Amino acid sequence: MARKLLLEHINVPGINTLAVYREKGGYRAVEKALKTLTPEEIVEEVKKSGLRGRGGAGFPTGMKWSFLAKPEGVPRYLVCNADESEPGTFKDRYLMTHIPHALIEGMIVSSFALGANTSYIYVRGEMMPQIRILERAIEEAKAAGLLGKNILGTGYDLELYVQPGGGAYICGEETALLESLEGKRGNPRIKPPFPAIAGLYGCPTVVNNVESIAAVVPIINDGGDEYAKIGIGRSTGTKLISASGNLVKPGVYEIELGLPVEEFIYSDEYCGGIANGKRLKATVAGGSSVPILPANLTLKYANGEPRLMSYESLSEGGFATGTMLGSGGFIAFDEDQCIVRNTWNFSRFYHHESCGQCSPCREGTGWMEKILHKIEHGHGSMEDIDLLWDVQRKIEGNTICPLGDAAAWPVASAIRHFRDEFEWHVKEPMKSQSTNYGLANYANPIEKKEEVKQENL
Amino acid sequence: MSDLVKVTIDGITVEVENGTTILNAARQIGGDIVPPAMCYYSKLKGSGGKCRTCIVKVSKGSEKDPRPMPKLVASCRTTVMDGMEVLNITSPEVLEARAGVVEILLINHPLDCPVCDQAGECDLQNLGYEHGLQKTRYEFERRTFDRIDIGDKIQLHMNRCILCYRCVFTADQITNKRVHGILNRGDHSEISTYIQTAVDNDFSGNVIDVCPVGALTDRTFRFKNRVWFTKPVDAHRNCSHEKCNGKVTLWYKGEDVLRVTARKDQFGEVEEFICNECRFDKKKTSDWTLEHPTHISDTSVIASNHYETFKPLPVIKENLALQEANQRELEKTFKI
């Protein structure tokens with residue numbers, strides 16, 4: 001059984017209450033951090049742990065903290081990004097629903113480390129139950145003297161607020177989140193300046209994912225070195241994966257980074273294989289924004305070695321044959337799923353969620369959606385596939401925030417790996433409406449290309 | 001370290017003050033290497049970065065850190081560093097990406113230039129002419145909105161809007177109370193007022209001037225004439241409004257002043273904002289002290305009918321029939 005750090009006590013009845021949480025060793029990290037460590041030492045521990053941001057980009061958390069500007073007389077803020085709205089990702093919601101105190105404990109320790117006296121948890125508006133759970137948990141912590149003035153008699157003050165968002169995907173982008181938190185329209189800001197210099201209300205701010213903040217708790221309890229022993233290479237620690245799609249046991253799993261993808265999908269400890277005895281066709285490994293991969297490239301690299309669940313291993317081979325760990329939204333597609341339809345569905349989402357601030361994303365996402373809709377419903381032509389490729393290339397990299405890239409990558413990778421299926425939709429418009437392209441050769445072992453010897457000229 | 005930094009744009013080196021943006025550095029050099037800007041407006045704080053037409057490639061970050069920037073950057077919001085090297089029109093990558101942005105800006109544009117009052121002085125028209133395709137590849141229905149009259153002087157034609165946010169910044173910064181903003185999200189975003197309230201304050205008319213396209217037009221000039229048939233003349237008056245200095249451009253057709261706008265510089269930006277009284281209510285020559293004809297760039301379509309360039313084109317010199325036709329047109333135009 002692999003080691004669990006965040007979800008160790010998930011099955012204990014009443015773990016969402018302060019009493020049970022403390023009984024199971026909760027808030028040890030707060031006592032240890034506030035009473036025995038200095039803020040610098042905490043940052044150093046987090047740096048040593050090698051913890052990388054769990055929200056998608058995978059930027060080292062300790063490094064992000066050390067970039068925070070510390071001018072005199074200006075407040076600093078810690079903002080927790082709980083605006084989880086990526087299709088396929090639901091780990092933060094799970095964590096907040098069942099162990100809200102893990103997040104609050106992490107917030108207290110992290111705020112102390114950053115010198116913030118006011119911290120915010122920005123929760124997506126649709127997650128009203130979670131907002132209530134968090135607010136109740138904050139009340140409990142306050143009553144126990146873990147929040148508010150003079151925490152545990154150490155002289156450190158912290159006010160923690162939960163702010164519901166309006167339910168926009170774009171507010172998961174850190175600068176859009178800050179705009180929204182300030183009460184403005186949630187448009188991403190143009191960087192620089194980065195939030196570490198001028199963030200919330202123009203003050204230095206750190207924005208972290210729920211899981212990153214919760215992971216600070218075991219780091220402080222066991223020490224950064226101990227945490228760094230788990231995992232593989234630069235991907236240290238454990239990661240929550242929200243597995244969904246045609247799996248026998250979909251759900252949230254805590255894995256040690258470095259677990260082979262094959263084991264994650266097929267072992268009984270995790271997803272237990274593909275449902276109904278079908279075969280795997282494709283996966284999206286890290287939430288809807290990352291490139292989609294066919295089954296053969298999901299399980300193995302292009303050179304035949306097994307692929308692992310880690311930041312480096314999943315991105316092995318670049319976008320040509322790899323993908324990204326992203327936020328850990330693992331979606332599996334069996335042989336009956338249509339990739340064109342799925343790509344259209346993702347595009348529709350990005351079209352709906354584009355903020356409309358910069359032109360390539362505002363207009364381009366809608367254009368891609370319309371072309372995909374046309375192909376999916378059997379009205380497409382071969383030129384449409386090339387046009388689609390061209391449009392996604394014009395969006396990628398030309399936008400203010402990463403939403404443009406996130407909209408372009410799934411489309412690009414679907415065309416790159418599943419072009420046969422797109423062409424089949426064009427060539428067999430009637431058939432494509434009633435039947436499915438099926439597995440085709442997407443699960444076949446990858447042919448090793450023989451190296452062509454260059455002859456001397 | 002001195003306050004001046006060296007930056008090289010398309011091989012031309014210029015020394016600019018520290019903190020200048022790439023776009024403004026390029027404007028100091030001038031000429032073809034100036035990136036086009038649809039949303040940036042030097043007089044409006046916080047504008048820019050949205051339309052992405054001014055993107056350039058930074059091939060060398062600075063003297064200290066010579067790595068190139070990984071992506072194309074918006075030149076209006078990227079400040080120069082000492083020793084920075086920038087490629088604009090010498091980079092095929094930039095030109096391709098810019099053509100892509102122009103195509104994307106035009107996919108939902110109604111292309112109703114023949115009936116649009118902005119035609120002839122429209123930034124999007126110029127941009128499309130320089131970078132656009134002959135034919136559209138967009139074959140779906142364009143999104144449409146209803147026209148809205150915001151007040152009795154300004155009409156909002158949202159179909160033409162490219163969401164540059166200039167008018168929002170204008171209302172925010174030069175008027176006391178902003179009553180309009182952006183509603184909705186994505187490609188359904190629209191400039192709008194709160195339940196169609198009239199935009200009503202002394203400087204609201206300036207949103208017409210800052211609009212790069214024909215989305216906000218002057219209702220007093222609506223369908224009166226094509227801009228290239230009118231003759232711009234700089235004029236001034238003693239305006240009683242404390243914030244307005246009364247320096248304007250009058251657009252004449254024959255004896256009539258068809259419209260009044262603020263004076264614009266070579267980049268199409270307003271030099272000084274004017275009040276609504278000057279803009280909408282003073283349309284008699286007797287209200288104004290005329291100065292001189294406004295200088296119009298040779299490349300502008302307005303110049304084709306302008307006195308400064310009133311020489312027959314070479315092709316006319318060789319063709320007798322054209323010469324006669326030209327003579328008739330001349331007389332017609334000058335008959336006052």
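Here are some friendly notes on the two-chain model above, point by point.

1. **Before you start.** This is a predicted model, in which local features need pLDDT of at least 70 and side-chain atom pairs count only at pLDDT 80 or more, while totals for chains, interfaces and linings use all residues. Residues are numbered from 1 along each chain as its sequence is written, and chains are lettered from A, with ligands numbered from 1, in the order in which they are written.

2. **A covered strand in chain A.** Take strand 1 of chain A, residues 77-82, first: six of its six residues are buried. Here a strand is a DSSP run of E with at least two residues, a helix is a run of H or I with at least four, and both are numbered from the N terminus. A residue is buried if 20 or more other C-beta atoms (placed from the backbone) lie within 10 Å of its own, exposed if 12 or fewer do, and partly exposed in between. Tyr77(A), Val79(A) and Asn81(A) point one way from the strand, while Leu78(A), Cys80(A) and Ala82(A) point the other way.

3. **Its partners.** Strand 1 of chain A runs parallel to strand 2 (residues 118-123) of chain A, joined by six bridges; two strands pair if DSSP finds at least two bridges between them. In this pairing, Cys80(A) has Ile121(A) as its bridge partner. Strand 1 of chain A also runs parallel to strand 4 (residues 205-209) of chain A, through five bridges, and there Tyr77(A) stands opposite Thr205(A).

4. **Two crossing helices.** Helix 6 (residues 100-114) and helix 9 (residues 210-222) of chain A pack at an angle of about 75°, with their axes 8 Å apart. Axes are lines fitted to C-alpha atoms, for helices over the stretch in contact, and angles run from 0 to 180 degrees between N-to-C directions. That makes helix 6 of chain A roughly perpendicular to helix 9 of chain A. The label covers 65 to 115 degrees; under 35 is roughly parallel, over 145 roughly antiparallel, and the rest oblique. Residues that meet here include Leu103(A) and Met107(A) from helix 6 and Ile213(A) and Val217(A) from helix 9.

5. **A loop residue.** Phe59(A) sits in the loop between helix 3 (39-49) and helix 4 (61-66) of chain A. Why does Phe59(A) count as partly exposed? Because Phe59(A) has 13 C-beta neighbours inside 10 Å. Not counting residues up to four places away in sequence, Phe59(A) touches Arg52(A), Gly53(A) and Lys64(A). Contact means that the C-beta atoms, placed from the backbone, lie within 7 Å.

6. **Where the chains meet.** In all, 25 residues of chain B are in contact with 22 residues of chain A. On the chain B side, helix 2 (residues 92-106) gives the most, with five residues.

7. **Chain B as a whole.** Chain B has eight helices and 14 strands. Its C-alpha atoms fill a box of roughly 65 × 60 × 50 Å, taken along the principal axes. Of its 336 residues, 38% count as buried.

8. Chain B has an open sheet of three strands in the order 6-7-10, with antiparallel pairing. Strand 6 (148-150) and strand 10 (216-218) of chain B stand at the edges, each with a single partner strand, so one side of each is left without a neighbour in the sheet. Strand 7 (residues 154-156) of chain B is joined to strand 10 of chain B by three bridges, and Leu156(B) stands opposite Leu216(B).

Notes:
Contact = placed C-beta atoms within 7 Å.
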